[in-house]
Amino acid sequence: MKVLVCDPISEKGVALLNEAPGVQVDVRLKLTEDQLCELVPEYHGIVVRSETKITRRVLEHAAQLKVVGRAGVGVDNIDVEAATLLGVVVVNTPDGNTIAAAEHTMGMMLALARHIPQADQSLRQGQWNRSKYMGVELRNKTMGIIGLGKIGSEVAKRCKAFGMNVLAYDPYVPQEIAKRAGVELMNLETVLKESDFITVHMPLTKETKYMISGPQFAMMKDGVRILNVARGGIIDENALYDAIVNKKVAGAALDVYEKEPQTQSPLFTLPEVVATPHLGASTEEAQVNVAIDVVKEIIRVLNGEPVQNAVNIPFIKPELLGVVRPYMELTEKLGKLAGHLARGPVDDIEIKYLGDIAALDLSSLTNTFLKGLLRPFLHEAVNYVNAPLVAKQRGIKVREIKSTQTEDYTNQICVTIKGNGTWQRSIAGTVFKKNELRILRIDDFSLDIQPTGHLLIIKHTDKPKMIGQVGMILGDYDINIASMQVDRKEIGGHAMMILPIDQQINAEVMEKIKNLDGIIEASYVAL
Ligand SMILES: NC(=O)C1=CN([C@@H]2O[C@H](COP(=O)(O)OP(=O)(O)OC[C@H]3O[C@@H](n4cnc5c(N)ncnc54)[C@H](O)[C@@H]3O)[C@@H](O)[C@H]2O)C=CC1
Ligand SMILES: O=C(O)C(=O)COP(=O)(O)O
């Protein structure tokens with residue numbers, strides 16, 4: 001397996017990658033998009049920070065890429081949607097640089113309040129100018145935090161230690177979590193209107209792009225001070241420039257820019273601006289943390305092991321893995337079986353998770369079901385990562401229903417697939433205590449089948465000689481029947497027979513079985 005490191009990460013991370021059995025590492029920095037496109041087919045993993053852009057074009061040139069690892073938090077330099085569609089896992093390191101970014105924010109806030117960089121520069125230029133650099137105190141001022149995640153919360157704690165009143169806006173954080181951090185959650189307008197300092201700590205997304213622009217500056221207090229140690233583009237740089245020039249904003253501290261690297265911004269010409277070149281995560285500690293964290297995740301992906309910090313696949317808590325794994329195996333087999341039973345393209349899927357498992361986060365099981373269903377048709381183009389997206393693109397509606405109530409078994413997964421409003425099929429399965437998988441039902445027929453090996457599934461009219469005739473055909477072709485189950489709903493009605501057999505069946509045998517009088521459908525599946 002080959003891993004390409006494209007941005008500078010700690011030597012400790014590179015060493016850990018080099019020590020991984022069967023992994024070869026190349027460090028190639030400052031590659032252009034064209035160079036990356038040329039190199040990427042050789043690699044199974046890529047490591048980046050914020051500099052290298054992993055675009056759709058780069059991903060489309062990959063031939064065997066399994067994982068893109070971001071040694072840091074923000075993944076806005078990676079086309080995650082394209083990666084997902086192409087089945088490439090994207091991992092990041094959500095915790096490793098939290099403190100570094102929070103501390104940098106505090107440093108920037110102090111620099112902004114007390115003009116430290118400007119005063120330093122002026123003194124070095126031979127001026128002893130005390131009156132020019134009169135500052136403001138932080139105590140009793142109001143800090144408005146937009147984005148109360150990991151960094152925002154650490155900034156909140158530190159602001160409180162400075163005696164500041166802290167308000168926050170984050171529509172995705174519950175009030176009680178904010179309360180625990182001693183922060184009051186408000187609507188955005190209130191935070192903008194009441195704050196003396198405003199700092200943003202959210203990811204750059206379609207939703208947050210230019211979230212702070214002309215109309216938002218207009219709402220703010222005169223003389224407000226602005227900080228951005230999150231991402232360029234959350235704050236509209238042109239609008240910020242105007243707001244500073246018009247004296248609405250007394251100063252801004254910026255670590256990140258709409259375009260990076262950035263050395264020519266008009267904002268750098270304003271004395272009210274304090275600027276650093278994206279240094280939020282640049283501490284020795286944070287860089288060791290993120291490099292080691294990302295490398296461990298990359299190795300897990302390359303070894304086919306579950307990861308903890310994937311951005312585009314469901315997270316499974318390590319302590320739940322033992323519980324979830326057999327259900328993942330079951331749902332993949334149910335998906336495969338459902339694909340064989342489908343009477344045409346599937347456009348609607350309902351997956352019911354019943355019993356104890358309903359308490360778990362079940363998206364990983366839905367992913368494996370969809371992978372099992374779609375793989376026989378789409379082959380390598382579908383995998384655990386992209387299965388939900390591929391299903392969505394094919395117009396397949398997927399509903400998950402959870403209920404802790406179940407009638408016969410402690411846990412049951414019941415799936416119904418439909419197509420074209422004209423047909424539907426259903427199957428149910430369970431995992432017994434010793435991690436034994438079972439198919440319990442196909443349509444209305446009750447069964448108890450281990451979903452492994454070669455299965456012949458036959459729906460037929462309930463009449464004499466059906467079983468015998470199928471047995472004769474298989475015998476003629478020297479195909480051994482391992483066991484058999486038959487269920488019928490009423491005498492002379494429809495019946496289902498399932499035959500686990502010892503080998504694959506060819507089209508000729510299937511044709512002979514299908515042509516028997518009384519056979520309604522017959523399918524062969526290898527699970
Ligand atoms: N300057 C630097 O070197 C660094 C910058 N960062 C940036 O900081 C960002 C935040 O990092 P963390 O706190 O670790 O992430 P996080 O995921 O813990 O927190 C982000 C918060 O933003 C909130 N959010 C999302 N959309 C929002 C919206 N529209 N309005 C308000 N809040 C919204 C989320 O609910 C979440 O609580 C990262 O996404 C990254 O871009 C992170 C590390 C270093
Ligand atoms: O982790 C993040 O989101 C950062 O912005 C840090 O970026 P960097 O790894 O220092 O290029």
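Predicted model: local features only at pLDDT ≥ 70, side-chain atom pairs only at ≥ 80, totals over all residues.
Figure 1. With 17 residues, helix 5 stretches 24 Å from its first C-alpha to its last, close to the 24 Å expected at 1.5 Å a residue. Its buried residues include Thr-98, Ala-101, Thr-105, Met-108 and Leu-112. An α-helix has 3.6 residues a turn, so residues three or four places apart point the same way. Ala-100, Ala-102, His-104, Met-109, Ala-111 and Ala-113 are buried in helix 5 as well. Just after the helix, His-115 has a positive phi of about 55°.

**Figure 2. The surroundings of ligand 1.** Ligand 1 is surrounded by 32 residues, and the closest are Gly-74, Gly-149, Tyr-172, Met-202 and Gly-280. Helix 5 (98-114) and helix 7 (150-161) each contribute at least two residues to this shell. Helix 7 gives the largest share, three residues. Domain 1 (2-96 + 285-302) and domain 2 (98-275) each provide at least three residues of the shell. Sorted by class, the shell around ligand 1 holds 16 nonpolar, 11 polar and five charged residues.

**Figure 3. The surroundings of ligand 2.** The residues around ligand 2 are Arg-49, Ser-50, Ala-71, Gly-72, Val-73, Gly-74, Asn-97, His-278, Gly-280, Ala-281 and Ser-282. Seven of the residues in this shell are polar, three are nonpolar and one is charged.

Technical notes: Residues numbered from 1 in each chain as written. Chains lettered and ligands numbered in written order. Near = placed C-beta within 6 Å. Helix = DSSP H or I, 4+ residues; strand = E, 2+ residues; numbered from the N terminus. Nonpolar A, V, L, I, M, F, W, Y, C, P; charged D, E, K, R; others polar. Domains from an automatic or database assignment. Expected span 1.5 Å × (residues − 1). Buried ≥ 20, exposed ≤ 12 C-beta atoms within 10 Å, placed from the backbone.
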